[in-house]
Amino acid sequence: MSATETRRAPRYRRGAAWTLVVLTPLIAELALGSTPVRMAWLVLLWVPVYGAGVLLIRELAVRRGRGWPSILVLAACYELLEDGLGLQALTSPRLYDAADWGARVLGFNLPYWFANTAYHAVFTVVIPIALTRMLFPSHRDRPYVGRPGLWTAGIVMALGVLVLRVSVPPSEDPGYQAPLPFVIGCLALVLVLAVLALTVVPPPSPLRTDAAVPGRTALALGAGAATLVFFFLTFPVLGATQPAFTHGMWVLTPLALALAGIAWGCRALARISRSAAWTDRDALALIAGALVAHSLGGMVIMADNAVDRIGLAAITVLTVAGVGLVDRRLRRADQAGTTTPASRRRTRAS
């Protein structure tokens, strides 16, 4: 690497960091419709917890040489901090009607926790990190920020949780305070899970297989269908108060089905992504199908009026266009022979 390239590298990595910070709330909030387009300015309030939080997850995993399994465990930590401590939705009897989803166990909103943990793992954490890796392939296995940036991300995320706590519950759930034992237990669990993710969960295996990789159309359609089924099984839709139109403890049935589907999907993805034939364009096809279905599902789950649905329709069009641009960039890089073997095959770490 030349001296000029060496001087440019830190700035390039900062660009990757900021791309991840911005992408995360746009995908997790705006593209679902939980923050409608007509109130898009609110995304600025979510940047600290979403953007800094996911940047912190990515940086910790990279520095420890960990991969997607560790990132998924850290995503569970993220959900506990956001919904458990920030919004207090995991224990509130009123906020977001989460207690009405059924199976409220010892004051804990179990279905709400399950749905949002899986949602955040995919759409808040994995997809933004994966897209940023594709946009900045030469830094996919390198830290985006130095140690000061890592500490800054952690502090900003903590402030982001505080912003959630002082902005949403006082207006949406006035007077409620999560029980102190839950708060202490939540923090302890986050600490334990984070340590396990960074020390016990094994790093990615470099072994390749000859497993067959489905066509990209099949990957996109499969990811889209899986996303819509997940929403139906885990979120109340079309006026229902519980997921999948269940009542009472019967909500555990669709949750069990969703859990089985997630386990099967993770196993299948782990198998095909280790194939020597797996490329970033295959991963992008999966992401494209999931993102389009994600916004279509938001039209049913989140949108309250025609304006919000039109906004999500516009976001869907922009998503398709954006994915097309990324795919063209990846294709040109492959044709020019500028991608590394790691970027032409599977994404082995964060």
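**Salt bridges**

I count a salt bridge when a side-chain nitrogen of Lys or Arg lies within 4 Å of a carboxyl oxygen of Asp or Glu. The structure I am searching is a predicted model, in which local features need pLDDT of at least 70, side-chain atom pairs count only at pLDDT 80 or more, and totals for chains, interfaces and linings use all residues. Residues are numbered from 1 along each chain as its sequence is written, and side-chain values use heavy atoms, with hydrogens and water left out.

My search of the whole structure returned eight salt bridges. I looked up Glu59 and Arg58, whose side chains meet in one of them at 2.8 Å, N to O. For burial I use relative accessible area with a 1.4 Å probe and protein chains only: under 20% is buried, over 50% is exposed, and anything in between is partly exposed. Glu59 and Arg58 are both buried.

Next I took Asp173 and Arg94, which form a salt bridge at 2.9 Å, N to O. To place them I needed the helices (DSSP runs of H or I, at least four residues) and strands (runs of E, at least two), numbered from the N terminus. Asp173 sits in the loop between α6 (169–172) and α7 (180–199), and Arg94 in the loop between α3 (68–86) and β1 (104–105), so this pair ties together parts that are 79 residues apart in sequence. Is Asp173 buried or exposed? Asp173 is buried, at 1% relative accessible area. Arg94 counts as partly exposed, because its relative accessibility is 44%.

Asp327 belongs to helix α11 (residues 306–336) and Arg281 to helix α10 (residues 280–301), so I noted a link between distant parts of the chain, 46 residues apart. Asp327 is buried at 17% relative accessible area, and Arg281 is buried at 17%. I also found that Arg281, Asp327 and Arg331 are linked in a network of salt bridges.

**Cysteines**

How many disulfides are there? I took a disulfide to be a pair of cysteine sulfur atoms within 2.5 Å, and the count is zero. The sulfur of Cys77 has its closest cysteine sulfur in Cys186, 9.2 Å away, which is too far for a bond. Cys77 is buried, with a relative accessible area of 5%. Cys186 is buried too, at 3%.

**Nonpolar cores**

In soluble globular proteins, nonpolar side chains tend to be buried together. I defined a nonpolar core as a set of buried Ala, Val, Leu, Ile, Met, Phe, Trp, Tyr and Cys residues joined through side-chain atoms within 4.5 Å. The largest core has 80 residues, and Ile127, Leu131 and Met134 touch the most other members. Helix α4 (residues 110–135) supplies the largest share of this core, 12 residues.

I listed the contacts (heavy atoms within 4.5 Å) of Ile127. Leaving out residues up to four places away in sequence, Ile127 touches Ile27, Val122, Ile287, Ala290 and Leu291. Another core, of seven residues, lies apart from the largest one and includes Leu30, Ala31, Met299 and Ala303.

**Surface**

Last, I looked at Trp151, in helix α5 (residues 147–167). Trp151 counts as exposed, because its relative accessibility is 63%.
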